[in-house]
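The sequence and the structure come first.

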Amino acid sequence: MEAQSGDSVVTPGNRKCSAVTGSARKIKDNAADWHNLILRWEKLNDEGFSAASRIVNLRLKDSQTEQQVVDEAPPPEPQRAAGRSGELEEECCKLLAVVDKMNAVVCKMERLLESQRGIAHLEEFQFGAEGRKIPLFHSWTTAQFVEASLRLFNSYSQELRLKRAVLQEVAHTMTSDLCMVYLSCWLQQPFILPQARLTLEALLLETGHRPL
């Protein structure tokens with residue numbers, strides 16, 4: 001897998017380390033995969049926010065139309081109302097597709113976590129409960145790689161649950177304040193704390209994908 005962030009590129013060709021075979025190579029590859037999956041997630045988050053924003057705009061227009069009917073204003077043209085309904089359905093389908101893709105990303109993250117756990121179990125079998133005496137890279141133990149992977153997986157799996165909740169509710173919300181809450185939740189990603197991003201950077205530093 002390849003990943004790019006700013007001026008730093010993570011590719012198979014620059015994965016250089018004193019130990020690039022066995023467990024070290026697998027851990028290094030997993031770190032690159034974490035980086036790539038999180039970049040993919042951020043792109044999907046932007047796409048989902050655009051779709052959710054369009055849904056909110058359409059719902060607020062419908063709400064204004066209903067208020068006009070209550071106030072005995074001239075009703076909207078049937079063709080225009082039907083057109084908005086079709087647009088709303090289309091945007092809901094787009095948002096559903098984004099959430100489905102996010103779910104696929106989290107499933108891949110879970111596989112990375114299980115891979116890391118498998119490496120830890122192998123190391124424990126080879127070297128005992130205390131693990132190897134010399135670290136594979138700079139300072140981390142195998143258990144620390146598991147902890148980092150678990151921390152990242154928990155953050156994104158919780159955020160995925162929030163995305164699903166927004167998907168279920170945003171098209172049925174009529175009040176502008178609640179719509180703004182849903183949009184803010186989607187954009188701000190409250191379950192992906194700064195510690196999660198620091199964890200990723202620490203993982204990339206430890207495995208040599210970022211220069212020390």
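Does Q116 count as buried or exposed? At 3% relative accessibility, Q116 counts as buried, where buried means under 20% relative accessible area, exposed means over 50%, and partly exposed lies in between (1.4 Å probe, protein chains only). The model is predicted: local features need pLDDT of at least 70, side-chain atom pairs count only at pLDDT 80 or more, and totals for chains, interfaces and linings use all residues. Residues are numbered from 1 along each chain as its sequence is written, and side-chain values use heavy atoms, with hydrogens and water left out.

**Fold**

- The protein has five helices and two strands; helices (H or I, at least four residues) and strands (E, at least two) are DSSP runs, numbered from the N terminus.
- Read from the N terminus, the order of elements is β-β-α-α-α-α-α.
- The protein has 212 residues, of which 41% count as buried.
- Of the contacts between residues at least 6 apart in sequence, 82% join residues at least 24 apart; contact means heavy atoms within 4.5 Å.

**Nonpolar core**

- The largest nonpolar core has 47 residues, and W34, W41 and M109 have the most contacts inside it. Such a core is a set of buried Ala, Val, Leu, Ile, Met, Phe, Trp, Tyr and Cys residues joined through side-chain atoms within 4.5 Å.
- Two or more residues of this core come from each of α1 (22-70), α2 (78-127), α3 (142-170), α4 (176-188) and α5 (194-206).
- Helix α1 supplies the largest share of the core, 14 residues.
- M109 is in contact with W34, L37, I38, F153 and Y156, leaving aside its neighbours within four places in sequence.

**Packing of α3 and α5**

- Two packed helices are described by the angle between their axes and the distance between the axes.
- For α3 and α5 the angle is about 145 degrees and the axes are 10 Å apart. Axes are lines fitted to C-alpha atoms, for helices over the stretch in contact, and angles run from 0 to 180 degrees between N-to-C directions.
- α3 and α5 cross in a left-handed sense: the near helix is turned anticlockwise from the far one by less than a right angle, whereas clockwise would be right-handed.
- On the α3 side the contact is made by F145, A148, R151, L152 and S155, which meet A196, T199, L200, L203 and E206 in α5.
- The residues of this contact divide into six nonpolar, two polar and two charged. Ala, Val, Leu, Ile, Met, Phe, Trp, Tyr, Cys and Pro count as nonpolar, Asp, Glu, Lys and Arg as charged, and the others, Gly among them, as polar.
- T199, in helix α5, is buried at 8% relative accessibility.
- Not counting residues up to four places away in sequence, T199 touches A148, R151 and L152.
- T199 and S149 are 50 residues apart in sequence, and their C-alpha atoms are 8.6 Å apart in space.

**Aromatic pairs**

- The structure holds three aromatic pairs. Rings of Phe, Tyr and Trp (its six-membered ring) pair if their centres lie within 6.5 Å; planes under 30 degrees apart count as stacked, over 60 as edge-to-face and the rest as tilted.
- F137 and F145 form an edge-to-face pair, with 5.8 Å centre to centre and 70 degrees between the planes.
- F137 is buried at 11% relative accessibility, and F145 is buried at 1%.
- Ring pairs link F137, W140 and F145 into a cluster.

- Q116 is found in helix α2 and touches I27, N30, F145, V146 and S149, not counting residues up to four places away in sequence.
- R117 also lies in helix α2, and at 29% relative accessibility R117 counts as partly exposed.
- With residues up to four places away in sequence not counted, R117 touches V146 and L150.
- R117 and E147 are 30 residues apart along the chain, with C-alpha atoms separated by 9.4 Å.

- Most residues other than glycine have a negative phi.
- Q189 is not a glycine, yet has a positive phi of about 50 degrees.
- Q189 lies in the loop between α4 and α5 and is buried, with a relative accessible area of 3%.
- L178 is found in helix α4 and counts as partly exposed at 35% relative accessibility.
- L178 and V56 are 122 residues apart in sequence and 9.9 Å apart in space, C-alpha to C-alpha.
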